[in-house]
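Consider the sequence and model below.

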Amino acid sequence: MEIFLNVIVPILIVAVLSALFAFCLSYLGDKFTVERDPRIDDIERNLSGANCGGCGYAGCSQFAEALFKGEADISRCNPTSAENKKNIAKILGMSAADSVETVAVVHCAGGNRAADKYDYQGFGDCQSAQILAGGSKACEYGCMGMCTCVHSCPNGSAHICKDTGAAEVARETCISCGACVAACPKKLIGRIPKTARVYIACSNTTKGREVTSVCKVGCIACGKCEKTCPKGAIALSNNLAAIDYSKCIGCMKCAAECPRKCIVPIGDGVKLYEKILAAKKLAAEKAKTETK
């Protein structure tokens with residue numbers, strides 16, 4: 001009897017109380033649960049599923065909920081296709097603005113062609129080096145090539161070029177999530193239309209003499225690209241060439257005329273660029289022969 005009172009009874013009391021609490025929790029859970037609108041799941045199914053964080057949210061699920069609540073805009077998710085963005089707009093009962101597919105590019109090609117102001121021996125990546133006097137490069141806008149963008153890229157598109165030592169983004173695999181754009185402490189990475197044939201691989205806005213003292217391939221604002229462009233798509237702004245992609249026809253004349261080679265051809269612009277250079281070389285050889 002004593003065992004019953006001292007052991008069994010307390011066990012029964014705990015069991016009864018546990019059952020009672022479980023019932024209350026179950027009842028209250030059903031009573032006060034907030035139903036998740038099925039449209040949120042429909043939105044998430046139409047997102048890319050990259051979970052890259054480029055939109056500013058922890059993942060696609062959180063972004064889908066923000067879209068449904070009107071706290072975010074569809075355009076913030078670059079990896080999602082234009083067709084799926086239209087589907088999301090229909091789910092939300094709104095019109096989808098035309099979205100241009102983009103790719104990330106690094107607006108610097110200096111790397112080991114840019115001077116160093118000191119030999120960095122510290123631990124970490126670009127963000128760590130940036131803390132010490134703005135980084136190791138004499139050009140304050142220069143890529144340090146220490147892989148912050150590489151580590152941030154969710155699918156391995158960002159890499160360090162073996163030849164130049166500067167960061168590059170593989171156009172073919174870039175999903176334009178914006179993770180590398182946000183990660184770069186120098187803010188050297190931007191996004192351009194995927195159809196673009198050329199981009200400016202420099203971010204230095206100082207005057208030409210200062211640029212040449214720190215980098216072999218930096219823009220010196222000579223204006224040759226601006227004078228060459230037949231559509232007025234390229235112009236100097238704050239000592240740096242800038243491309244208006246709404247006007248650019250991808251003729252590659254600006255890249256061929258650039259004496260510093262900081263206007264870089266990409267995509268199908270590479271072959272056209274090489275063709276123009278070959279034609280220029282042939283014309284120069286012909287002119288040289290005729291003068292003899």
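β1 gives the largest share of the lining of the largest pocket, four residues. Strands here are DSSP runs of E of at least two residues, numbered from the N terminus. β1, β3 (167-169) and β8 (263-265) each supply at least two lining residues. The pocket holds about 450 Å³ of space. Of its 23 lining residues, E168, Y199, V264, P265 and I266 are the closest to its centre. A pocket is an open set of points on a 1 Å grid over the protein atoms alone, where a 1.4 Å probe fits, with protein on both sides within 12 Å along at least five of seven lines; lining residues have an atom within 4 Å of a point. The volume is the space filled by probe spheres set on the points, which are joined across faces, edges and corners.

The model is predicted: local features need pLDDT of at least 70 and side-chain atom pairs pLDDT 80 or more, while totals for chains, interfaces and linings use all residues. Residues are numbered from 1 along each chain as its sequence is written, and side-chain values use heavy atoms, without hydrogens and water.

In β1 (residues 102-106), five of five residues are buried (under 20% relative accessible area, 1.4 Å probe, protein chains only; exposed is over 50%, partly exposed in between). T102, A104 and V106 lie on one side, V103 and V105 on the other. β1 pairs with β4 (residues 189-193) in the antiparallel sense over five bridges; pairing needs at least two DSSP bridges. A104 stands opposite R191 in β4.
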